[in-house]
Amino acid sequence: MTPYTEHGGTWRPFWLVAGALAVFVVLDVVFPGGDVPAVVWVVAVVAVLGIVALGCVSARRVWTVRVDDDGLTVGRERVPLGDIDTGHLREVDSGVDAGAPVLGGGWSLPRGRTGLPLKLTDGRTVLVPTREPAALYEALMIGTGQTPDTASGTEGTLGQ
């Protein structure tokens, strides 16, 4: 089986903030007037970029979705592939099961993600936060030894 990985976050916010801080430093040097001491700039840049980097790393660790031979993993939570009810997964086209817990933790789905409802063999239903429900559906079906049905799991909750 080819592992499926969907990263929970990107480094884009870090690089945008780093670019903005670089522009501010250049403007401070270029324009006349009271310059901000270099020590203040260094402390501010390190502090701000450190906080943004911490947020980026946290998002990647908490919301990364993986499907491999060990099972489906979201953050620290893992569901063995044998515990997934593939019959229910094949029937689900889109939508969210209201009240189902989000796999990986949290009160609600992260912004920009769709919840793929997964019914487990013990009867519980969980939501898997994903940006690409069709690709995740296909990876889960292949991982459980099933043939992916192109009609199911191809659209998100908004029909896109």
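I'll begin with helix α4, residues 133–143, where Pro133, Leu136, Tyr137, Ala139, Leu140 and Met141 are buried. Buried here means under 20% relative accessible area, exposed means over 50%, and partly exposed is in between, with a 1.4 Å probe and protein chains only as cover. Helices (H or I, at least four residues) and strands (E, at least two) are DSSP runs, numbered from the N terminus.

Before going on, a word on the source. This is a predicted model, in which local features need pLDDT of at least 70 and side-chain atom pairs count only at pLDDT 80 or more, while totals for chains, interfaces and linings use all residues. Residues are numbered from 1 along each chain as its sequence is written, and side-chain values use heavy atoms, with hydrogens and water left out.

Back to α4. What do the buried residues of α4 pack against? They pack against β1 (4–6), β2 (65–68), β3 (71–74), α3 (86–91), β5 (114–119) and β6 (125–130). A contact means heavy atoms within 4.5 Å. The helix lies across β1, β2 and β3, and runs at about 25° to β2. For that angle, axes are lines fitted to C-alpha atoms, for helices over the stretch in contact, and angles run from 0 to 180 degrees between N-to-C directions. After α4 comes glycine 145, with a positive phi near 85°.

Threonine 86 is found in helix α3. Is threonine 86 buried or exposed? It is buried, with a relative accessible area of 18%. Leaving out residues up to four places away in sequence, threonine 86 touches Met141, Thr144 and Gln146. Of these, Met141 is one of the buried residues of α4.

Now the overall layout. The protein has four helices and six strands, and along the sequence they follow the pattern β-α-α-β-β-β-α-β-β-α. Of the 160 residues, 32% are buried. Among contacts with a separation of 6 or more, 65% are between residues 24 or more positions apart.

Next, the sheet. Four strands make an open sheet in the order β1-β2-β3-β4, with antiparallel pairing. Its edge strands are β1 and β4, each of which pairs on one side only. Neighbouring strands of this sheet are turned by 10° against each other on average, direction ignored. Two strands count as paired if DSSP finds at least two bridges between them.

Going through the pairs, β2 and β3 have four bridges in the antiparallel sense and form a hairpin with two residues between them. Aspartate 68 has glycine 71 in β3 as its bridge partner. From β3 we move on to β4, residues 77–79, and this antiparallel pair has three bridges. Here leucine 72 stands opposite valine 79, and valine 74 has glutamate 77 as its bridge partner. β3 and β4 also form a hairpin with two residues between them, and glycine 75 in the turn has a positive phi of about 65°.

The other pair to look at is β5 and β6. Five of the six residues of β5 are buried. The hairpin of β5 and β6 has five residues between the strands, and glycine 123 in the turn has a positive phi of about 100°.

A salt bridge is a side-chain nitrogen of Lys or Arg within 4 Å of a carboxyl oxygen of Asp or Glu. A search of the whole structure finds one. It joins arginine 124 to aspartate 122, with the closest N and O atoms 3.0 Å apart. Aspartate 122 is exposed, with a relative accessible area of 53%.

Last, the surface. The protein exposes about 9,600 Å², of which carbon and sulfur atoms supply 59%. Accessible areas come from the Shrake-Rupley method with a 1.4 Å probe, and for residues only the protein chains shown count as cover. Val23, Phe24, Val26, Leu27, Val29, Val30 and Phe31 form a nonpolar surface patch with about 690 Å² of accessible area together. Patches are made of residues with over 30% relative accessible area and no salt bridge, joining like charges within 9 Å and nonpolar side chains (Val, Leu, Ile, Met, Phe, Trp, Tyr) within 5 Å. Valine 23 sits in helix α1, residues 12–30, and is partly exposed at 46% relative accessible area.
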